[in-house]
Amino acid sequence: MRYLTIILLLIITHTQAQVKEEALISGTFSNLQATEFILQLEAQTSYRFYYKGSDLDTLKVDITVDKKTLTEVLGLAFKNTDLKYAINGSNVFLSKNKAVETRLPDGFLSNNNSVSEIYKPEAANPLAVDDKVINATLENKLYTIGIKTGSSTGMATLSGTIRNIKTGEPLAGASVYIESPRSGTTADQFGYYSLSIPKGQHVLYIKGSGMKERKHQIIVHSDGKFNVELQEQVLALKEVIVSSERAANVTRVQLGVEKLTIKNIKQIPAVFGEADVIKAVLTLPGVKSVGEASSGFNVRGGSTDQNLILFNDATIYNPSHFFGFFSAFNPEVVKDIELYKSSIPSRFGGRLSSVLDIHTREGNKKEFSGSAGIGLLTSRLNIEGPIVQDRTSLILGGRTTYSNWMLDLLPGQYNNSRASFYDLNFGINHIVNEKNTLFLTTYLSNDKFSLNKDTTSYAYNNKNVSLKWRHVFSNKLNAVFTTGKDFYGYNISGNEIPTISYKLDFNVNQSNFKSDFTWYLNPRHTIDLGFGSIYYKLNPGNFQPLNEASLTKPDRLDAQQALESAVYIGDRFDVNQKLSLNYGVRYSLYNYLGPQQVNTYISGSPREESSITGVKTYDKGEFIKNYQGPEFRLSGRYSINDDLSVKAGYNTLRQYIHLLSNTTSIAPTDIWRLSDPNIRPQFGDQVSIGIYKNLKSNSIETSVEVYYKRLQDFLDYKSGASLIMNHNIETEVLNTRGKAYGAEFMIRKSAGKMNGWLSYTYSRTLLQMDDELGGQQINGGRYYPANYDKPHDLSLIGNYRFSHRFSISVNALYSTGRPITLPISKYMYAGSQRVLYSDRNAYRIPDYFRTDFSMNIEGNHKVRQLTHNSWTIGIYNITGRNNAYSTYFTSEGGAIRGYQLSIFASAMPFVNYNIRF
């Protein structure tokens, strides 16, 4: 087969050379990278260049020519270098030290070898049986797949794994397709693909983001496995590559889906210079926060607890470190993130607003490597490598902080504050065989801090472990079985006065199991189905004396238990080339379990402590209250042409766990609460429509999405509500209904020297109390803005790469100030000045604006060196704007005084040093 390919290539190129009149080249090529020089030659002529990127990465060209032949131009360009060239027709081959031979050696076809004897398809590939796996390594080879049978018609299923040739890690989202007839698919998060194509000979194309495109000649006789490894591509700065990732904006059926790679995340300037997953998410349309350095985020009118945050399928309840300045996710181990704002897949459930699905890398299966970084406040280290070559890999990452030096610089009473955190990630991946793979991931984080001279200390931590087994039943059916345990807890201790010293703790424990099946039924239908359960055990509060000298009275709230289960099925249906549908249903069942004591209230009266009629006791494991119902998912895409599509979607969701907080941002003292007979589950539905248009060979993405969302049984609170250690918490909460609507606009440029995105969101979130048992109506029963209602939000992320080693990044943000409740008058009562407050959230804090700047300086890109280093230097809040985080009022000397709190009131420089080895 190799001989036939070479013969055909020589015949074709020799014929082209006979009829082709050599073009003459003119121009000035001033101090160009060799790859950019080659691109300009290809633009002027019909020649096609072939070379290895690492041979040219440090070579520059500086020549001026006038009407020179290609041979003369290459001779001048590569003079005094070890780069050789060979020209064969319209093909130019570049190599180091030794030129490519373009002539067949003498006697190559001797001994009566003929083409028909050399090319024997039946014997071309000894692995052509259905239980063998073909690993494609050469492009100029014909691969025979499956067992040759008597029938050459019909369909066959081709499946396999797409991996990085350097690290062995799977390439999620890589596209695999044939041109005629047009048929393709994308690899899942494990790099696995399944593609049904007609039997016969095809050219199979494989593309991955940032990877060199591969194409293979294949003859398909029956079902078979075909694995491919892709090589990373070093692009010329002006080069535009059409990749599967860019086309996905238009072609995917789902809408309201955003995907960021760690490369995108690292380009966004962040406070203190460390790449931050959550801060990157906040630059996307439809995503907001209540203020600077706040924990959590709000998506399309939802509260922070309505976001399901998954870290390798483990649930994260508090995604922040260090007062919200850092996210809980180490950027050195993160591979990519997906945010579902609408059209949430049926395999996800339990939250109303969004799913943030974060994936970490599996670790290098080829060789040991690592990375490290040191900044003004944090340091991090990551090590990865193979335990068994190409089969078992591990990855270990950790971060810590040394921030006390900065806290000592704070003015006044804050200079005695202390804060620390660390997080650890460990993962191990083992390929048992082609059908079975095991994954073990663990995550541990811990935060501690104390403020002022107060002896009160705060601590909170996450502990997560997940075990995953992926099994391939056949080319068309595979499954992932996952089990794990998640823990989040906090504790507070106060020892300012020994006789009343105390400790308070709270925690959430959950155990989960789920199975997810993917069935590639045929080229038009891909079916997802599965089931899963989560067992919750919450300890909502334990208040105890800190030591023997304390006279604090112990108090403990009853633990809560519940079981949340679901079964789902969904189908991706390609009606035709223009119309695709994605529809499914998820049925969830929630059981609130004993042992528990539940208050009963006077029927029809407001829930108040005075209206409690008794307490009903339930035994361990007894079903106290059941909630259930279907959740529908539907989305569709109609392609007007290859770069323009229209999408629409509708979904319904249910949420059985609630965050009780009377602060606008997630705080370590917040309490999670399960639905029970007195607190109903939340319910929401959303309809959305979008138009997606790509420009300039898919290098520029534009989109517009509008949405309308309804909320039921969303929890709000009575004025002055007390949430900590409250045995009758249902008397402090109110059921409300809400509506959220908005429009999101986005322009993203993902190729060339200049890249980035611009997003604008207009949105409103309004609530209305409709709880008959809540007592006094909020704002007289009228709609009022939610705490996180911010109508206008604008984000600009820009990156400009001057060279492969130097780039700059700019981040500019603007948003409307969030709502607040202000005192509108004052009066005297009992000898003291009192205030009368406005309607709830009737006013707003000042608008927010911030601009950040960073420079990214990389070392040389030589392949063979021990380490690669880089610097990130920049300024956060470069204009020094004094943005308001909140306003508050205190009584001082019998008078009411108002204050404005800002987090960063001046420019904050930062520097980070990074190293890879």
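This is a predicted model: local features need pLDDT of at least 70, side-chain atom pairs count only at pLDDT 80 or more; totals for chains, interfaces and linings use all residues.

Mentor: Residues are numbered from 1 along each chain as its sequence is written, and side-chain values use heavy atoms, with hydrogens and water left out.

Trainee: How many helices and strands does the protein have?

Mentor: Helices (H or I, at least four residues) and strands (E, at least two) are DSSP runs, numbered from the N terminus. Counted in this way, the protein has 9 helices and 57 strands.

Trainee: Which strands stand at the edges of the open sheet formed by 5 strands?

Mentor: The order in this sheet is S15-S22-S23-S18-S19, with mixed pairing, where two strands pair if DSSP finds at least two bridges between them. Each edge strand has a single partner strand, so one side of it is left without a neighbour in the sheet, and these edge strands are S15 (257-261) and S19 (314-315).

Trainee: In which sense do strand S18 and strand S23 pair?

Mentor: Strand S18 covers residues 307-311 and strand S23 covers residues 354-360. Leu 310 stands opposite Asp 357 in S23. The two strands are joined over 5 bridges, and the sense is parallel.

Trainee: What percentage of the 917 residues counts as buried?

Mentor: Buried means under 20% relative accessible area, exposed means over 50%, and partly exposed lies in between (1.4 Å probe, protein chains only). By that rule, the buried share of the residues is 53%.
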